[in-house]
Amino acid sequence: MNFLGHAYIARNNPELIAGNFAGDAYKGNLEHFDLPKNIINGVKLHRFIDDYTDHSPYILEAGHIFQSKGIKKITYIATDIIMDHFLAREWNSYSKKDFNIFIDQVYQKTDQYLTDLDPGFIRMYNNLKHYGWFFDYSTEEGIRKILWQFSKRINFENDLPKCMDIYVENKGQFDELFGTFILDIKEQSRQFIEGLSA
């Protein structure tokens, strides 16, 4: 899952949104970081989501579709980004909260912890807000732009922009896998979050 997916998983636990959102910025032992407990727990949730996603049979199968079309190194970058497209497009099937209101909540809960968060994450986050990346996710044109932008940040030649064509050609298969995965990770993450407060 990418930015939207991570924020969505923490939707019922807003105190975890900022840490979960910024999770990629923190490597190694979390005891080395002087962060509020809710941010630490948010990073833990981020790591859980990443690990669960990496091993999910639904995501592995989606990755195999890309691989069968010649996509190799960036297979699971593609699944992460395009799954956010699926989630944004099908938002009303997975959330009762209006999408715009949800995004405002994500911004609000992240803004209040900016002084605690990693500067590299803050630079990315400011761009995300300024350019309205979340609102690009739901359209094919928007996600193509995001795939192209992301491809330029990867330090080797890649076919990431082509992945949207593969998705469109195999949309039924991908959507079934993504939809099943989202229901699965929602439940697994709920249990993980309960364990954080135990």
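Axes here are lines fitted to C-alpha atoms, for helices over the stretch in contact, and angles run from 0 to 180 degrees between N-to-C directions. Helices are DSSP runs (H or I, at least four residues), numbered from the N terminus.

The structure is a predicted model, in which local features need pLDDT of at least 70, side-chain atom pairs count only at pLDDT 80 or more, and totals for chains, interfaces and linings use all residues. Residues are numbered from 1 along each chain as its sequence is written, and side-chain values use heavy atoms, with hydrogens and water left out.

**First stop: α4 and α11**

Select helix α11, residues 171-196, together with α4; their axes come within 9 Å and cross at roughly 155°. This makes α4 roughly antiparallel to α11, a term for angles over 145 degrees. The crossing is left-handed, that is, the near helix is turned anticlockwise from the far one by less than a right angle, whereas clockwise would be right-handed.

Next, display the side chains in contact (heavy atoms within 4.5 Å). From α4 these are Tyr 58, Ile 59, Glu 61, Ala 62, Ile 65 and Phe 66, and from α11 they are Gln 173, Phe 174, Leu 177, Phe 178, Thr 180, Phe 181 and Asp 184. Nine of these residues are nonpolar, two polar and two charged. Here Ala, Val, Leu, Ile, Met, Phe, Trp, Tyr, Cys and Pro count as nonpolar, Asp, Glu, Lys and Arg as charged, and the others, Gly among them, as polar.

**Second stop: α4 and α5**

On the α4 side, select Ile 59, Leu 60, Ala 62, Gly 63, His 64, Phe 66 and Gln 67; on the α5 side, Thr 75, Tyr 76, Ala 78, Thr 79, Ile 82 and Met 83. Eight residues of this contact are nonpolar, five are polar and none is charged.

Now follow α5 to α9, where the axes come within 10 Å and cross at roughly 155°. These two helices are therefore roughly antiparallel to each other, and α5 passes α9 in a right-handed crossing. Ile 77, Ile 81, Ile 82 and His 85 of α5 meet Glu 140, Ile 143, Ile 146, Leu 147 and Phe 150 of α9. By class, seven are nonpolar, one is polar and one is charged.

**Fourth stop: the pockets**

A pocket is an open set of points on a 1 Å grid over the protein atoms alone, where a 1.4 Å probe fits, with protein on both sides within 12 Å along at least five of seven lines; lining residues have an atom within 4 Å of a point. A volume is the space filled by probe spheres set on the points, which are joined across faces, edges and corners.

The largest pocket holds about 320 Å³. To find its centre, select Asn 2, Phe 3, Asp 24, His 46 and Phe 150, the closest to it of the 19 lining residues. The largest share of this lining, three residues, comes from α8. The lining divides into eight nonpolar, six polar and five charged residues.

Finally, turn to the second largest pocket, of about 180 Å³. Its lining includes Asn 2, Phe 3, Met 124, Trp 133, Phe 150 and Arg 153. α9 gives the largest share of this lining, four residues.

Note on methods. Angles under 35 degrees count as roughly parallel, over 145 as roughly antiparallel, 65 to 115 as roughly perpendicular and the rest as oblique.
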